[in-house]
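Please consult the following briefing alongside the sequence and coordinates.

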Amino acid sequence: MIDHFKIHATDPSSSARAGTLHLPHGDIETPIFMPVGTAGTVKAVHQQELKDQVGAQIILGNTYHLYLRPGTDVIKAAGGIHKFNNWDRPILTDSGGYQVYSLSQQRKIKEEGVKFRSHIDGSLHVFTPEFAIDIQRLIGADIIMAFDECTPYPCEEKYATRSMHMTHRWLDRCVARFNETEGAYGYDQILAPIVQGSTYPHLRRQSAEYIASRDMPINAIGGLSVGEPDVEMYSMTSVVCDILPKEKPRYLMGVGTPANILESISLGIDMFDCVLPTRNARHGLLYTSRGIVHIRNKKWQQCHEPIDPLSPSSTSREHSLAYLRHLVISGEPLGAMISSLQNLSFYLQLVRDARIHILDGTFSTWKAAILPTLTQSA
RNA sequence: GGGAGUGCGCCGGAGUAGGAGAGCCGGGCCAGACUGUAAAUCUGGUGUCUUUGACUGAAUAGGUUCGAGUCCUAUCACUCCCA
């Protein structure tokens, strides 16, 4: 197997690591945050801005959503997702496993797979592990995810156990289909398995051991950040990280707040994705170097200071909080665009800073110093 | 100058053929929520106060009535018509 991941440094006082992940469309420096672009677009942010202002190295797409619209025929005819959305850096697609959780009212789970009723037109679609791989082959992301069941919180132990074993069986079917097919566009894809087990340590251990035994190049942790308290999330992450191989990247799916990310990095996580920076941006909550800003709040009406003077994004340095508030209150699309740029550039700067401090051995002290400003109001 | 009509809360609308209201719908405004995106969405608040409750309130001032946002008179404002 090709060596995809190289670790450059580990933090002396935590499990944090800094590394490089090699992918067909380029290298990724970890720890990394991956902006979510469900429907082939990071909402309200253009690809050029993702490169120039955010510094995004890899973005996400979603199998379920892209399959329903525009459909794999369109993406295939375009020459794959990278050509279709004109993003030539790495892409990761989620398998649809999260939709098993989020669209729980219109799906039925069986051993064979999941029957979804489309949220767009009500039509029925069956996602099996094999089908999820087939679609992801056609979409063409660098990293594709195993089809799993993301269980809700709270989740009864009996159900969590049954679900975890099914996810494991689904993983084997995903691996089998993955091994008997190949990338549709001339480059190799990576398949990542997902640890489940809800909030039960013994299940998490069992699942982590199973996933580790598959010996895949990237290992993911799913089923967290679904409403459980942070301490529980950290506890499960810690349990799993102790078992997953250290020499491979660990991807904590769906996490999280800036504080969640730093804490999880210290537990040994290398990759993150989350809708929070983009969704919160569209809903008027900004993460800035001075703390959290509810941009709709009246206190910003006459604040003509830069949105974030320390932002790597020129947009945030050149426009004022008062102007952004005006745009957001007026419902102007530019408000969502500038807000999303601010939040994503903040997240990417955060993980870049984390990497720098891991490399020079000061991660833990830096983390302790910066943590308060990540959670307090500006 | 004459006639007709309409007046409530930040705004617009609905409604009330003498008995319920700090009240309905929408907007605005003020807050809050959001974690592998059915989310540019959703929730709450929006007269005053000493807030599990009380008080004031239907243009303004009177009147009729057991009881008036509703009926009557005057005034004011706005709209329309005539001159």
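Predicted model: local features only at pLDDT ≥ 70, side-chain atom pairs only at ≥ 80, totals over all residues.

Residues are numbered from 1 along each chain as its sequence is written, while chains are lettered from A and ligands numbered from 1 in the order in which they are written.

**Confidence**
- Chain A has a mean pLDDT of 97, with 99% of its residues at 70 or more; pLDDT is the predictor's confidence in each residue, from 0 to 100.
- The model scores are ipTM 0.93 and pTM 0.94.

**Overall fold**
- Chain A contains 15 helices and 17 strands, taken as DSSP runs (helices H or I, at least four residues; strands E, at least two) numbered from the N terminus.
- Its radius of gyration over C-alpha atoms is 20 Å, close to the 21 Å of the globule rule for 378 residues, so chain A is as compact as a globular protein of that length; the rule is 2.2 Å times the number of residues to the power 0.38.
- Of the 378 residues in chain A, 49% are buried (20 or more other C-beta atoms within 10 Å of the residue's own, with C-beta atoms placed from the backbone).

**Helices α7 and α8**
- The axes of α7 (residues 157-179) and α8 (residues 201-213) come within 11 Å and cross at roughly 5°, the axes being lines fitted to C-alpha atoms over the stretch in contact, with angles from 0 to 180 degrees between N-to-C directions.
- The crossing therefore makes α7 roughly parallel to α8 (angles under 35 degrees).
- Ala-160, Thr-161, Met-164 and His-168 of α7 meet Leu-203, Ser-207 and Tyr-210 of α8, contact requiring C-beta atoms, placed from the backbone, within 7 Å.

Technical notes. Buried ≥ 20, exposed ≤ 12 C-beta atoms within 10 Å, placed from the backbone. Parallel < 35°, antiparallel > 145°, perpendicular 65-115°, else oblique. Contact = placed C-beta atoms within 7 Å.
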